[in-house]
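Have the view open as you read.

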Amino acid sequence: MNVEGEYVFNGPQQAVYDMFNDPNALATAVPGMQKMVQVDETHYEGAIFLRIGPISAAFEGVLSLSDINPPESCTLNIEGKGKAGFAKGVGHVKFTDLGNNQTRLNYSGDVNIGGTLASVGQRMIDSVAKSMIKSGCEKLQKTLEERCQQK
Amino acid sequence: MTGKYFGQPVLRLEDKHLLTGRAKFCDDIVIPGMLHAAFLRSDYAHAIIKNIDVSEARKHPGVVAVYTAEDFGDYWKVGPLQVPPPFAIKGAQFNARPLPPIGKGKVRYSGEPIAIVIAESRYIAEDACEDIIFDAEPLPAVIDLEKAWEDTSVLVHDDLPSNMAALVKQEAGDYEAAKKQADVVISKRFVADHVAGGAMENRGFVVNWDERTQEMTVWTGTQAPLPLRSAIAGRMGLIENQVRVITPYIGGGFGPKVMTSQADDVILPWISMKLNRPIKWIEDRRENFLSTTSERDQVHHCEMALKKDGTILGFKDVFYHNTGAYDPYGMTVPLNTQTHTVSNYRVPSFYTEIRMVFTNEMVVTPVRGAGRSEGVFVMERMMDLAAKELKMDPVEIRLKNLLKKEEFPLNTGVIGQDFVVGVLDSGDYKNNLEKCIQMVDYEKFRKEIQPKARKEGKHLGIGVVAFTEGTAVGPYEGARVTVGNNGKVSVSTGYSTQGQGHFTVFAQIVAEQLNVKVEDVRVITGDTGHFHWGAGTFASRGATIAGSAIHSAAVLVREKIFATASKFLEVPEDQVELCEGSACVKGHPEKFISLGELAGKANPMRGAVEADVKPGLEATAYYAPPHGATGSGACAMIVDVDPETFKVKIERFVLVHDCGTVINPLLLEGQIQGGVSMGIGNAFYEKMVYDENGQLMTASFMDYLMPQATDMPRKMEIGHNVHPSPLNTLGIKGVGEAGALPPSPAFCQAVEDALYEYNLDITESNLNPSMLYEFRNKATKR
């Protein structure tokens with residue numbers, strides 16, 4: 001499954017980038033995310049509860065960062081597994097300073113899914129992923145605004 | 001040979017049980033103390049098993065036992081193969097990789113069982129499956145057939161040098177020489193995609209080992225009760241009569257239930273004996289989609305050599321056949337494809353090559369059609385191409401090449417699934433098509449209806465195809481017919497029933513011979529305790545093979561009735577005749593003895609008993625054919641295509657069929673209609689889709705589209721030709737798969753004809769509106 005899109009944040013590039021590297025910010029932003037713990041500089045462990053059509057199940061996994069090029073881009077590697085299957089994916093995120101205190105996020109990724117997730121859920125997973133990214137970004141936008149105000 | 005009962009449209013005797021909910025199915029079996037099983041199946045299509053941790057599952061309250069491959073010790077053995085390798089064919093190469101009972105070392109398809117939980121209830125068993133931690137190292141999946149044949153970088157079976165499961169070449173005549181003589185040579189690549197059996201009732205298995213009687217009883221919806229019994233006895237080290245397999249009513253078989261080496265077949269008997277408890281397992285729909293076998297999935301590279309006038313000189317077909325991760329059912333499916341590719345037409349030279357490939361997909365075994373559909377599809381598509389190339393009418397080119405009555409029997413020179421050289425026994429294939437175009441009024445459609453519709457902006461198209469159905473292959477079946485003391489008759493056969501109507505047609509055969517009412521004949525199928533020799537339900541062989549055995553047994557009982565009655569009525573045998581339910585003196589119906597009383601007398605209790613006594617009005621007989629009997633037919637379909645939405649409505653559906661002697665015209669029509677609905681499903685609705693990682697994307701009826709009654713043509717117009725088979729006394733040929741064979745190619749031809757503004761070139765057998773849209777977009781304008 002390919003995921004691709006963009007989102008424009010109202011905030012400076014560095015702040016957006018930092019937020020994406022903050023496990024707490026991510027944990028609160030992703031719908032259903034139950035925990036996100038930083039293991040080392042580039043590795044996080046997380047747990048998420050997903051609802052995809054007839055499937056609702058918990059998944060646990062590892063998120064690792066590579067090709068880190070702050071504050072412009074990085075690569076996310078996700079590997080997760082649960083009762084309803086597994087997912088393994090690579091995502092590339094790029095942050096572009098649009099000026100005017102705006103930063104554009106471009107993301108593109110390729111996710112392989114297996115198990116019930118694929119055999120029963122695949123028809124819905126695309127739209128679920130898109131809506132999760134959208135609401136995640138909206139939530140992050142709010143966090144970003146709060147952070148900028150605090151500063 | 002229509003008689004009082006034989007050949008009559010007798011209503012199905014079984015329907016009163018089935019339609020009023022009184023039929024007993026596998027899941028209706030309840031035994032005190034019964035445990036329930038659930039399988040944990042691999043999410044990965046291809047992975048090395050590193051560890052399966054069942055410790056938490058074992059602690060789950062209500063769980064009695066959890067097993068993985070390691071726990072079965074020496075009992076864990078692959079297979080055996082259910083069908084022997086094709087070594088009757090010269091030069092055939094075959095790599096036997098039978099089914100492992102439960103994954104060990106490596107999993108090779110998504111859905112392969114890796115652990116089993118036995119618990120007090122199915123709910124608990126399912127919950128405990130979730131406590132199992134399956135640690136595996138995923139490997140890339142082998143999916144693309146043509147690539148997998150060449151590419152050895154990823155191997156489904158590491159001990160083999162490639163993904164080749166088999167290579168079988170057959171040639172009748174000399175294709176290359178024929179090609180040199182040809183005016184035109186056309187070639188094309190075709191795809192026939194995966195479809196499911198999709199029986200209404202999934203698989204199920206209830207097993208009870210009785211420690212005190214030392215007997216095992218199994219209730220299961222199998223198509224092959226006797227092979228299953230022998231397989232279980234063999235694995236468990238028991239003698240055959242210690243295992244009794246009973247098939248209750250079964251909600252459809254369609255092929256996949258012929259398997260006797262799937263996880264449930266192998267490990268549940270062992271566990272039942274180990275725990276000394278009855279166990280039930282009922283498959284759920286997702287398991288059925290993922291792990292019970294399915295069929296089709298071939299890629300064909302065809303070539304046809306013809307003369308300018310449309311005469312076929314030769315045909316060449318090199319095709320890839322997906323066997324899935326294992327090949328437990330040998331090569332039945334692709335061998336059927338080989339024999340059906342050219343069996344309609346006069347093809348002097350035929351070269352055919354099977355390249356059977358292992359992939360990380362579910363195992364392929366027969367599903368109604370069983371390789372025949374693919375053969376018919378590619379041949380009929382090539383005929384359409386040839387007609388276009390030679391600017392001939394598709395009907396004209398077919399009539400030119402179809403086999404005629406006087407050409408039978410015809411030796412095809414190609415060895416089939418029964419490992420003997422095929423012989424087309426009888427028929428008039430050309431006349432089937434002639435009758436079909438008459439029924440559909442082809443001329444009128446071409447000259448009046450279609451031009452008028454086109455003027456009105458409608459897109460009506462017609463497709464006309466021919467087909468054969470190889471049926472009734474060996475090895476043999478048997479039956480025992482017994483007259484009871486109450487005058488009723490029982491018939492036992494090792495054959496099993498999945499809804500075909502055997503309780504009616506087998507009764508008709510016996511009723512005709514013994515002159516008893518059809519409803520007074522009690523038919524028992526698929527209970528190894530009642531009859532313990534036979535092969536099973538496959539290849540449309542029931543009416544022909546089991547039916548012939550039943551007929552022979554009934555004839556023997558009839559003879560016994562005459563001999564016994566002659567003694568008691570004190571007249572010579574030729575003075576005895578059968579009145580309904582009794583034997584009487586010819587011309588003196590008042591001098592009679594009822595069959596019940598005669599049955600009692602045929603069982604001498606005391607006094608002078610002859611040394612060679614054969615008690616009872618009973619006989620057992622067997623029938624084994626020298627080779628299969630071939631049914632044939634033709635089919636025409638008129639479709640109305642919406643050129644924007646690509647919705648296709650079947651306006652008319654005509655099928656002419658020849659299955660030799662008809663036992664029951666009503667049931668014959670039912671068989672054809674059922675087959676046709678499956679064929680239409682394959683043509684425009686059903687399709688199993690795997691992604692590039694070997695994940696099945698269509699494992700529920702949300703994504704796997706089953707055709708509904710409303711998708712069927714309003715009326716199926718069915719015509720009959722009757723050319724009795726010379727192979728058996730009754731002259732029967734099978735019909736079970738016939739209807740499923742012609743819809744796909746007829747549909748393609750009709751749609752191409754309907755969308756006349758384009759040079760449409762449909763090369764796939766499983767279409768849907770969006771695929772049609774894509775084919776249209778690829779096509780050039782006329």
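Between chain A and chain B the count is 0 salt bridges, a salt bridge being a side-chain nitrogen of Lys or Arg within 4 Å of a carboxyl oxygen of Asp or Glu. This is a predicted model, in which local features need pLDDT of at least 70, side-chain atom pairs count only at pLDDT 80 or more, and totals for chains, interfaces and linings use all residues. Residues are numbered from 1 along each chain as its sequence is written, chains are lettered from A and ligands numbered from 1 in the order in which they are written, and side-chain values use heavy atoms, with hydrogens and water left out.

The two chains do touch: 17 residues of chain A are in contact with 18 residues of chain B (contact means heavy atoms within 4.5 Å). The area buried between them is about 1,400 Å², with carbon and sulfur atoms giving 46%; buried area is the accessible area (1.4 Å probe) that two parts lose on being put together, summed over both.

Over all chains, the salt bridges number 43. One to look up is E146(B) with R189(B), whose closest N and O atoms are 2.7 Å apart. E146(B) belongs to helix 4 (residues 145-150) of chain B and R189(B) to strand 9 (residues 184-192) of chain B, so this pair ties together parts that are 43 residues apart in sequence. Helices (H or I, at least four residues) and strands (E, at least two) are DSSP runs, numbered from the N terminus.

Axes are lines fitted to C-alpha atoms, for helices over the stretch in contact, and angles run from 0 to 180 degrees between N-to-C directions.

| Helix pair (chain B) | Axis distance | Angle |
|---|---|---|
| Helix 14 (residues 502-514) and helix 15 (residues 542-569) | within 8 Å | roughly 30° |
| Helix 10 (residues 372-389) and helix 18 (residues 743-754) | 8 Å | about 30° |

Helix 14 of chain B is therefore roughly parallel to helix 15 of chain B (angles under 35 degrees count as such). Their crossing is right-handed, meaning that the near helix is turned clockwise from the far one by less than a right angle. Contact residues include F506(B) and I509(B) of helix 14 and A546(B) and I550(B) of helix 15.

Helix 10 of chain B is likewise roughly parallel to helix 18 of chain B, and that crossing is right-handed. Among the residues that meet are E380(B) and R381(B) in helix 10 and C748(B) and Q749(B) in helix 18.

Note on methods. Parallel < 35°, antiparallel > 145°, perpendicular 65-115°, else oblique.
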